[in-house]
Amino acid sequence: RQDNKRVRLGPDRVRGLELDDGLLVWSRPAGDDRTLYSLGIVHGVLHLFSEHAGAADGGRLLGIEPLTGAVVYERVFGAQEVSLSPVAAGQSLWSLRPEPDDQRRVVLEEIDAISGETAHRVILSEPTRELLGLPQDYAVNAALTRILSRLFVLGDCVVLAGDGMTESAD
């Protein structure tokens, strides 16, 4: 029965198993010495992020139908748009990363959970970056990771929580 399956994720492979007897139903390798991260299930699609430090791309986002293992979508981020692992929040996936052409600008992107395509894209304003505690001269991945990990959706609002403005000790 299709409703009696579970998904098992390892760092290099994701598998669909029968719950009753553990029989392997489907399997998909990460490939190319990549590591897989589960972002969760949104709209019935299992979302995975795959990366490799030496890869020529900025990471891969993969949507899988969890009962059959069929690929719903695959999105490859370009090397110039190196992405942090997106997060699932609300009914979408969210990415926060420096703008490829200008590392001082930060892009918040809503990714459609069915197609993997960009639904909305916003460049954070300078006052917003300041409120989030992001440096003015460049985007720091550690700070972006902290902010993205705190992102949540409340109704129609996307909430970002950063480290806040810093005060000088003058």
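Modeller: Two strands are said to pair if DSSP finds at least two bridges between them. In this predicted model, strand E5 (residues 45-51) and strand E6 (residues 60-64) pair in the antiparallel sense over 5 bridges, and Phe49 stands opposite Leu61 in E6. Both strands belong to an open sheet of 4 strands with the order E4-E5-E6-E7 and antiparallel pairing. Strand E4 (35-42) and strand E7 (71-76) stand at its edges, each with a single partner strand, so one side of each has no neighbour in the sheet. On average, and with direction ignored, neighbouring strands of this sheet are turned by 20° against each other.

Glu109 and Arg75 are both buried; for Glu109 the relative accessibility is 1%, and buried means under 20%.

Glu109 also meets the side chain of Arg97 in a salt bridge of 2.7 Å, N to O. Glu109 lies in strand E10 and Arg97 in strand E9, so the pair ties together parts that are 12 residues apart in sequence. Arg97 is buried as well, with a relative accessible area of 4%. Taken together, Arg75, Arg97 and Glu109 are linked in a network of salt bridges.

A further salt bridge is formed by Glu99 and Arg105, whose closest N and O atoms are 3.2 Å apart. Here Glu99 is buried, with a relative accessible area of 10%, whereas Arg105, at 35% relative accessibility, counts as partly exposed.

Strands E9 and E10 also bring us to the helix. In helix H2 (residues 141-150), the residues Ala143, Leu144, Ile147 and Leu148 are buried, and, seen down the axis of H2, its buried residues fall within an arc of 130°, so they line one face of the helix. The buried residues of H2 pack against strand E9 (92-99) and strand E10 (102-112), and also against strand E8 (87-89) and helix H1 (126-132).

How values were computed
Residues numbered from 1 in each chain as written. Predicted model: local features only at pLDDT ≥ 70, side-chain atom pairs only at ≥ 80, totals over all residues. Heavy atoms only, no water. Helix = DSSP H or I, 4+ residues; strand = E, 2+ residues; numbered from the N terminus. Axes fitted to C-alpha atoms, helices over the stretch in contact; angles between N-to-C directions. Buried < 20%, exposed > 50% of the residue type's maximum accessible area, 1.4 Å probe, protein only. Arc of directions from axis to C-beta. Contact = heavy atoms within 4.5 Å. Salt bridge = Lys/Arg side-chain N within 4 Å of Asp/Glu carboxyl O.
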